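Here's a quick tour of one chain, with a look at what packs against what. Have the coordinates open and follow along.

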Amino acid sequence: MEIPGLGPVVEDEAFEGYRSKAVPVAVLGGVGCEFLVQGYEEPDDHEDFQLAIGRFLALGPEALTDARQAIYGYYLKVRGELGDELEVRIDGPEDVLQYVELGNEPEVFRNDDGDGRVYVSLECECDWEPEHGLQLVFRDGAVLTKAGRYDGEVD
């Protein structure tokens, strides 16, 4: 099977979906990412998935620049919960990405339990929350709806 923008995909039984070969992703600095796509089986769904994937692939580095405030908000929330136990100190949003290791396996799926939209989710590592990490979620592949603890949810 082939998905526009991703090329040929293969079934990934562990993920219960499809896995692409590495595709360069501009928003992540051009790094090659293997996409995981879940729920693409129904032909009626193809257009929504293709649109979300295309929009995500079209995002440039400025999308992460724009996300810094939301990511910093997540850092502040964790700092508020942990207080002095949190050893990482980040001065402001302009510095927050220095403490993040961006993921390289975007997951694309339809939110069947909610609004029915297609989302692209990226699991990242962050220095202030090594246990749960950071999840960045883009509705329709383009609108950041979440920068928070990785829990598999869209917001």
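Is Asp 151 buried or partly exposed? Asp 151 is partly exposed, with a relative accessible area of 44%. Keep in mind that this is a predicted model.

## Salt bridges

Asp 151 has a partner: Lys 146 forms a salt bridge with it, and the closest N and O atoms sit 2.3 Å apart. Lys 146 itself is buried, at a relative accessible area of 8%. The structure holds 9 salt bridges, and a couple of others deserve a look.

Take Arg 19, which bridges to Asp 12 with 2.9 Å between the closest N and O atoms. Arg 19 is partly exposed, at 22% relative accessible area, while Asp 12 counts as buried at 12%. This pair belongs to a network of salt bridges that links Asp 12, Arg 19, Glu 34 and Glu 105.

## Asp 45 and Arg 110

Next, go to the loop between strand E6 (36–38) and H1, where you'll find Asp 45. The side chains of Asp 45 and Arg 110 meet in a salt bridge, 3.4 Å from N to O. Asp 45 sits in that loop and Arg 110 in strand E8 (residues 107–110), so the pair ties together parts that are 65 residues apart in sequence.

Both ends are out of the solvent's way in the sense that Asp 45 is buried, and so is Arg 110. Leaving aside residues up to four places away in sequence, Asp 45 touches Gly 39 and Arg 110. The two side chains also make a polar contact, again at 3.4 Å.

## The nonpolar core

Now for the greasy part. The largest nonpolar core has 41 residues, and those with the most contacts inside it are Phe 35, Val 37, Ile 71, Trp 128, Leu 134 and Leu 136.

Not counting residues up to four places away in sequence, Ile 71 touches Val 96, Leu 97, Val 100, Trp 128, Leu 134, Leu 136 and Ala 147.

## Aromatic pairs

How many aromatic pairs does the structure hold? There are 7 of them. One of these is Tyr 75 with Trp 128, an edge-to-face pair at 5.7 Å centre to centre, with 80° between the planes. Tyr 75 lies in helix H2 and Trp 128 in the loop between E9 and E10, so the pair ties together parts that are 53 residues apart in sequence. Tyr 75 is buried, and so is Trp 128.

Phe 109 and Tyr 119, by contrast, form a stacked pair: 6.3 Å between centres and 25° between the planes. Phe 109 is in strand E8 and Tyr 119 in strand E9, so the pair ties together parts that are 10 residues apart in sequence. Both Phe 109 and Tyr 119 are buried. Back on the Trp 128 side, Tyr 72, Tyr 74, Tyr 75 and Trp 128 form one aromatic cluster.

## What the record says

UniProt, in an unreviewed entry, places the feature "domain: DUF6985" at residues 12–153. Over residues 12–153 the chain is 24% helix and 29% strand, and the end C-alpha atoms are 21 Å apart.

Notes:
Residues numbered from 1 in each chain as written. Predicted model: local features only at pLDDT ≥ 70, side-chain atom pairs only at ≥ 80, totals over all residues. Heavy atoms only, no water. Core = buried A, V, L, I, M, F, W, Y, C linked by side-chain atoms within 4.5 Å. Buried < 20%, exposed > 50% of the residue type's maximum accessible area, 1.4 Å probe, protein only. Contact = heavy atoms within 4.5 Å. Helix = DSSP H or I, 4+ residues; strand = E, 2+ residues; numbered from the N terminus. Polar contact = N/O pair within 3.5 Å; in protein donor to acceptor, adjacent residues only side chain to side chain. UniProt positions renumbered as here; feature names shortened; annotations may be inferred. Salt bridge = Lys/Arg side-chain N within 4 Å of Asp/Glu carboxyl O. Phe/Tyr/Trp six-rings, centres within 6.5 Å; stacked < 30°, edge-to-face > 60°.
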